[in-house]
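Good morning, colleagues. Please look at the structure as I show it.

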Amino acid sequence: MQSISLPLAIPGFNVPAALTLPDAEIQGAVLLIPGSLFSDVDGNFPVWQSFPRVYAHLAEGLARHGLASLRFAKLGPGTGSQEVDPTLAATSRTWAGRHRTARLALDLLRTELQRRGWERLKVAIAGHSEGAVVASVLARDGVEADGIVLLSGPSVGILDIMLEQNRAMPNASEEQIHTLEEVVALIRRGEPIPNALKERAAGPTGAGALVTFPPDALTYMREVDATDPVAAIAHYEKPVLIVQGGADDSVPPHHAEALRAARANRPTECAFFAELQHCYKKVPPNTPSTQSFGWPGPTDPRIDEAIAAWMECL
């Protein structure tokens, strides 16, 4: 297989992207949309010293099945994204800017395919985690693609995901959860967070993390949270593949079930893997969440197999 580094130009930024091409005859192409955290082009999270390399592994797996793919970095520190115009950059840091970035990445994928004479290929959009919500919004808005893949996609807004994750933590106290609920309510209303609440929320995660966000980041969180992933994908007429790990403690399996239920009689397939976590790896039991998330090694080959088999039937 061949991996080609490309610049993805979006308003205010140059973003690292990579086109992975199979050695064998090409069968189709996939756009990979990253999730919510600051990920580099390969799906590592340098700011947190977490290196699961999830998107590069997925791209390489897809290539083994004859599928080309384009992946790109998420804006943020350590991801390689370079700001070139501060005024325009502000528009790309928004939730609407995130959708536009994905559309520009899809355009880049199509351009690169056309340059090589592959103009009639089947093209799917695959979003991981928050990226699945982006993919669903593009589907709702009529993006030109042959199908959508939801990889560990949430069925609720991002702030509800945070609440769910924190409530599931074994050592979380009622006071910590109540503080997080207070912070979330203020963010949703667009109100400032009082200093007294910031002091009470102190800590590296949960409410403690949210209260350190700058205003534009809180606005982004509010806009993402206001998007209903179920409503976005429910009426999409083309095929959808839902991929879910049963050991995912970031976006647990009931979210996949809710997305599937919302699809009613529309063409939908589910690929469920009981022992896999959020980045589609099998980790030892009782591994701490942060360590599990960044588990090294390739993604499970059944993931790219499922995507390839689904695309073959599009």
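In what follows, a residue is called buried under 20% relative accessible area, exposed over 50%, and partly exposed in between, computed with a 1.4 Å probe on protein chains only. By that rule Arg115 counts as exposed, because its relative accessibility is 60%.

Please note that this is a predicted model, in which local features need pLDDT of at least 70 and side-chain atom pairs count only at pLDDT 80 or more, while totals for chains, interfaces and linings use all residues. Residues are numbered from 1 along each chain as its sequence is written, and side-chain values use heavy atoms, with hydrogens and water left out.

A salt bridge here is a side-chain nitrogen of Lys or Arg within 4 Å of a carboxyl oxygen of Asp or Glu. The structure holds 15 of them.

Let me begin with Arg115. Its salt bridge partner is Glu112, with 2.7 Å between the closest N and O atoms. Both residues belong to helix α3 (residues 95–115), and they stand 3 residues apart, about one turn of the helix. Helices are DSSP runs of H or I with at least four residues, numbered from the N terminus.

Is Glu112 buried or exposed? Glu112 is buried, because its relative accessible area is 7%.

Glu112 also forms a salt bridge with Arg116, at 2.7 Å from N to O. Arg116, at 28%, is partly exposed.

A further salt bridge joins Glu182 and Arg200, whose closest N and O atoms are 3.0 Å apart. This pair links distant parts of the chain, since Glu182 lies in helix α6 (residues 174–189) and Arg200 in helix α7 (residues 195–200), 18 residues apart.

How values were computed
Helices (H or I, at least four residues) and strands (E, at least two) are DSSP runs, numbered from the N terminus.
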